[in-house]
Structures are given as C-alpha cells and as structure tokens.
Amino acid sequence: MPLYLKLAWRNLWRNRRRTLISIASVLFAVLFSLIMRSMQHGSYDYMIQSSVGVYVGYIQVHGEGYWKNRSLDESLEPTVEQLQRYASIATVSEITPRLETFALLSKDSLTKVAQVIGIDPSREDAMTGLSKRLVKGRFLGENDRAFMIGEGLATRLGVSVGDSIVLYGQGYHGVMAAERIPVAGILHFPIPALDNAMAYLSLRHAQWVFSAPGRITSIAFMLESPSALEDAASQIRSIAGSGVEVMDWKEMMPELVQAIEVDSAGGVLMLLILYVVIGFGIFGTVMMMTSERQREFGILLSIGMSRRKLVTITTLETLMISLQGALLGVAVGIPLLWYFHLHPIPLTGEAAEAMLVYGLEPILPFSIAPGIFLAQSAVVLGLAAVCALYPLQVIRKLQPVAALRT
C-alpha cells in the first residue's frame with residue numbers, strides 16, 4: 001500500500017494544472033455547502049437564542065394556569081430554599097424571578113397599555129444583559145421606586161428621564177393598582193414590539209404596587225447549554241412540586257418551533273439540490289481526468305500492469321484530490337465563517353420586515369459549530385468516493401489496443 005500511495009501522489013503532480021483544477025472544484029464544493037449550512041444553523045440558533053436570551057429563558061416555572069390566563073391570581077410564593085435549590089442545579093447558569101402584568105401608563109393626555117415587569121435588577125441583568133440596553137438615565141437598584149421603559153414607549157408617551165408616569169391597573173385578587181412613578185432610565189430594544197411596550201420596576205416595588213407581597217408570576221432559567229434542556233426541566237419539576245407548571249421554550253413559543261421546522265424542510269431541499277450540483281461537478285472533473293488518461297491506462301495494461309492495481313492507484317488519486325480539496329475548503333471556511341459569525345450580515349427590505357414580524361433583529365448570522373465542518377466534509381468526500389467508481393468501470397472494460405489508438 002505505501003507503494004500505491006507513492007505512485008498515486010506522483011501521478012497527481014505529473015499534470016499540475018489538471019490536479020489543481022480538480023482540487024479547486026472540491027474546495028469550492030465544500031466551501032459552498034459550509035456557507036449554506038452555516039447560515040441555516042446560525043439562523044436557527046439566533047432565533048432560539050434571541051427569544052430565550054432576550055426575555056423568555058430556556059425554562060420557566062409558573063403558577064398552574066398562569067400561562068393561559070396571565071393573571072396575578074395564578075402567581076407563586078416560592079420559598080428561599082426552593083430558589084436556592086433551583087440555582088444549585090449544575091446545568092442552570094442563571095435564574096431570575098419576575099412579577100409580570102399589564103397596566104395603563106399615562107402622561108398628561110397620552111395613554112398606552114404596557115407590559116409591566118417587576119425584576120430583581122442584578123439577576124435580570126446577569127441573565128438577559130438588560131443594562132447593555134440602557135441609553136439614557138440609570139439602571140434600577142433593588143430598592144428603587146422608579147421605572148425603566150423602552151425607548152419607543154417613552155417616545156409615545158412623550159417622557160424622558162426624570163418625568164413621572166401614572167400607572168393604573170389591577171393587582172392581586174382584583175385590588176386596584178395606581179401609582180405615580182418617575183422614569184429612572186430608558187432602554188433600547190432592537191425589536192419594536194418590545195421597545196414600544198416594556199416597562200420595568202424593581203421586584204419589591206412591583207409587589208407593593210400590585211398588592212402581591214412576596215409573590216411572583218414566573219421564574220426564568222438560563223442554561224449552560226441548550227442540550228441540557230431535558231435534564232434541567234426534570235430536576236426543576238422535582239423541586240417545584242405540585243400546583244405549578246414547568247414549561248420549556250418550545251412549549252412557550254410553538255410559533256417559533258413551527259417556523260424553524262418549515263424553514264428547515266426548505267433548507268434540506270436546497271441542500272440536496274446543492275449536493276446534486278456538487279456531485280455532478282466532481283463527477284465531471286473525474287470523467288475529464290479519466291478521459292484524458294485512457295491512452296496512459298492502455299500503455300500500462302499493455303506492459304503487464306494488472307487492472308486491480310491500476311484501479312487501486314486511480315481510486316487513491318481521486319480520494320487524495322478529494323481529501324486535499326475538503327481540507328482546503330474547511331481551512332478557507334473557518335476564518336470566513338468566523339468573521340461572519342462575529343459580524344452578521346444586516347438585512348434590509350422585505351427580508352428585514354419578515355424578521356421583525358417574528359420579533360427578531362434583522363440580521364443573517366452564521367454558525368461555527370464543529371459538526372457543520374465535519375458533516376459537510378464527510379458528505380463531499382462521500383460524493384467523491386462514489387465518483388471514483390467511474391474510472392473503476394472504465395478501466396475494467398478498457399481494451400488496451402483501442403485505448404492506444406485514442
């Protein structure tokens with residue numbers, strides 16, 4: 001076998017131009033498949049991470065019936081011990097309790113319905129990076145009695161830092177909630193649906209305003225890895241006990257799951273079409289190489305070389321070309337995809353509007369998961385191995401006399 005490898009390697013570089021063209025065809029095949037698959041996986045990961053990381057979390061614990069009714073009457077009163085046990089789960093990176101409801105916010109004659117969320121400021125910031133969205137004013141403290149609101153909401157109400165907003169709504173068990181609250185900070189969300197409707201209070205202040213001392217409507221969990229979802233949910237259920245509902249992001253956002261499934265089906269179809277194009281490209285290159293070398297094959301068979309040895313050397317040549325092309329494709333793809341992973345492509349026009357409908361920032365992200373590089377290289381190498389069957393059939397049927405006349 002070492003002799004066959006040496007002969008195959010030397011044969012490749014006897015015609016450098018042909019070999020380089022063949023390697024380039026495999027290189028671009030691998031690169032194109034990497035780019036396409038990276039865009040698909042990057043988009044799915046971004047859709048999930050945006051929804052999970054911005055607000056929802058991978059898992060949430062609610063009072064039984066809360067997710068359906070969204071009423072403070074289905075709120076929870078977790079113990080300190082429970083919160084500590086949740087935080088001690090190995091796969092959980094952050095937890096944050098919240099008190100969520102809707103209320104009317106007014107300034108002079110302007111009124112807007114907003115989602116009012118009581119948060120633990122430090123925990124919320126650790127989980128969602130909320131302080132990074134602050135564009136004016138200051139971030140809430142644990143004992144603050146002030147609002148942080150979205151920039152779009154501030155514009156609609158005509159308020160800025162230092163102005164006061166009147167909150168009017170319904171508290172726990174139907175108690176009226178009314179309070180005049182100053183604005184401490186203004187946040188900017190890239191998603192208009194959030195920017196135009198989000199208002200934050202410190203958790204203690206929100207519990208006081210809505211007459212729900214010690215109560216929360218949800219506990220959101222961020223995980224170390226998405227792959228830990230099932231295990232973490234199982235442990236959370238065992239701690240939560242009865243009278244609560246534990247939901248993962250797939251249950252809370254079925255529309256997102258359906259959108260990913262539909263897009264994935266279309267992506268697989270496009271990928272199959274790309275593989276067909278790649279396969280024919282590689283096959284054309286192999287066919288060209290085989291056709292150019294028929295006279296050479298005839299001479300080798302005429303001087304006594306066995307067909308088995310000739311097939312072995314030719315197959316090794318095809319595999320060597322494919323392996324070099326695949327490795328070079330990965331080598332070119334890694335820095336290229338890494339750059340676009342760090343600097344996603346911004347979208348405009350209808351594509352941007354479609355992303356905003358789903359509440360996502362209009363960008364085209366790329367994934368750099370190692371599995372993408374391994375899978376696409378393996379597929380292209382597999383296609384090359386199938387194409388290597390062509391010279392095998394040509395050599396098996398080749399007549400040396402006829403080949404010498406070509």
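## Aromatic pairs

Rings of Phe, Tyr and Trp (its six-membered ring) are paired if their centres lie within 6.5 Å; planes under 30 degrees apart are called stacked, those over 60 edge-to-face, and the rest tilted. By this rule there are four aromatic pairs. One of them joins Tyr-86 and Phe-221 edge-to-face, with 5.2 Å from centre to centre and 85° between the planes. Tyr-86 belongs to helix α4 (residues 80–87) and Phe-221 to strand β9 (residues 218–223), so this pair ties together parts that are 135 residues apart in sequence. Helices (H or I, at least four residues) and strands (E, at least two) are DSSP runs numbered from the N terminus. Tyr-86 is buried at a relative accessible area of 2%, and Phe-221 is buried at 0%. Buried means under 20% relative accessible area, exposed means over 50%, and partly exposed is in between (1.4 Å probe, protein chains only).

Tyr-339 and Phe-340 also pair edge-to-face, at 5.4 Å centre to centre and 80° between the planes. Tyr-339 is partly exposed at 47%, as is Phe-340 at 23%. Ring pairs link Tyr-339, Phe-340 and Phe-366 into a cluster.

## Basis of the values

The model is predicted: local features need pLDDT of at least 70 and side-chain atom pairs pLDDT 80 or more, while totals for chains, interfaces and linings use all residues. Residues are numbered from 1 along each chain as its sequence is written, and side-chain values use heavy atoms, without hydrogens and water.

## Nonpolar cores

A nonpolar core is a set of buried Ala, Val, Leu, Ile, Met, Phe, Trp, Tyr and Cys residues joined through side-chain atoms within 4.5 Å. The largest has 75 residues, and those with the most contacts inside it are Ile-59, Tyr-86, Phe-147, Ile-149, Leu-167 and Tyr-200. Helix α2 (residues 16–56) gives the most to this core, namely seven residues. A second, separate core holds 20 residues, including Ile-282, Leu-337, Phe-366 and Cys-387.

## Charges over rings

A charge sits over a ring if NZ of Lys or CZ of Arg is within 6 Å of the ring centre and within 35 degrees of the ring normal. The charged end of Arg-70 is placed over the ring of Trp-67, 3.8 Å from its centre. Over the ring of Trp-208 sits the charged end of Arg-145, 4.4 Å from the ring centre.
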